[in-house]
Amino acid sequence: MAVSATVNLHIGSAIPLGNEAETAKVITLWQYLNGYFKNRSFKAQSGINGNTSSYQITLDASDLLSCLQGAQHTSGSFTEHRKAHMDDESHRVDAELAITISHPDHELDEEESYQVATVFIQQLVIATHLALPGALHMLNTRFTGPGSHRYEAQHYDCRILYGALKTSEANNWPKLQSHPFETIWAWLNDCEVSQSDTAITDINKVLFTLLKIAQQRQEYSARTVLLIVYPLEVLMGTQSPCSMARTRNRARLIMGKIPESADCFIELFEVRNSLFVATQPVHRPPLICHNSAEALKEQIGQYNTAVESGTALLLALLQDLIAHGAQKYDFSESFARQ
């Protein structure tokens, strides 16, 4: 009989951004997720450079769901609840997740449990943002329980992903799709994104980079631009110097005509190229506080619109692949003499 191990994660800041309608959608998604992961099969490496094995995963998100519902009941929306918390810390924003893992053939040791739980959380981050950008917020995280002091929990910010959603809506481009969560999760499993620490296939290079985008904190700088350009070039097959025009044209083939307000390509590639020749300004790591996001927007060398538009395009391209059960795009150029 399999012996299970439970990894507990405390999230100090678990409330994402969202108006009343978006708040309701996020809560509906988490209600579904709290029932979806019940003894669900999950393949992952047993450790860094370890072998891939099949585990059973159960996610208990009931406390997180209670936190989200409490924010809705108290403040009407997540965004308003975050504002209320600034003035009164009694407005709850922290929550707990419990991830129970078992293996059919052996008892899990401590490090294996935390490794599998971490990989599961990473795939959950990707899947959640593909289902509903901005729906997951995990800051000030730490593992709790016996032995937890030996492991460091990762953090993920909803800000850039939520910004991508709002930018897409404002520009009416690119059109973000809505897929059932189980379709997204099955697609990620087909990509084998949880089965290696190093991405070899192009699609996993893109998905691992999406995780790094989700870890960015209130900084839309040249470094973040680099994280946006890289997966776009990988998906469009344009990893070569001076590839801006080709990347833009291929994106237009898939997503349709690009409105001027959403055309972020020139800025993204100019920033990328300037970074390589060391002409970009560099900011010190900022103090993160309740009003720093607005203050940072005024800094020279911040690329808010380009980063959010580029992230929206990245999400739209991945959703398009999911819709067609595909993992990459193939492009061919040809000509004929008449």
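Colleague: How many aromatic pairs does a search of the whole structure find?

Modeller: In this predicted model, the search of the whole structure turns up 14 aromatic pairs.

Colleague: Take Tyr114 and Tyr151, then: why is that pair stacked?

Modeller: The ring centres of Tyr114 and Tyr151 are 4.2 Å apart and the planes meet at 10 degrees, so the pair counts as stacked, since planes under 30 degrees apart fall in that class.

Colleague: Is Tyr114 buried or exposed?

Modeller: Tyr114 has 8% relative accessibility and therefore counts as buried, while Tyr151, at 21% relative accessibility, counts as partly exposed.

Colleague: What about Tyr329 and Phe331?

Modeller: Tyr329 and Phe331 also form an aromatic pair, but a tilted one, with 6.1 Å from centre to centre and 35 degrees between the planes. Tyr329 counts as buried because its relative accessibility is 17%, and Phe331, at 26%, counts as partly exposed.

Colleague: Changing topic, which residues form one aromatic cluster?

Modeller: One cluster is made up of Tyr32, Tyr36, Phe37, Phe42, Phe120, Phe181 and Trp185.

Colleague: And what lies over the face of Tyr36?

Modeller: That is Arg40, which is placed over the face of the Tyr36 ring at 3.7 Å from the ring centre, and Tyr36 is itself one of the residues in the aromatic cluster.

Terms used. Residues numbered from 1 in each chain as written. Predicted model: local features only at pLDDT ≥ 70, side-chain atom pairs only at ≥ 80, totals over all residues. Heavy atoms only, no water. Phe/Tyr/Trp six-rings, centres within 6.5 Å; stacked < 30°, edge-to-face > 60°. Buried < 20%, exposed > 50% of the residue type's maximum accessible area, 1.4 Å probe, protein only. Lys NZ or Arg CZ within 6 Å of the ring centre and 35° of its normal.
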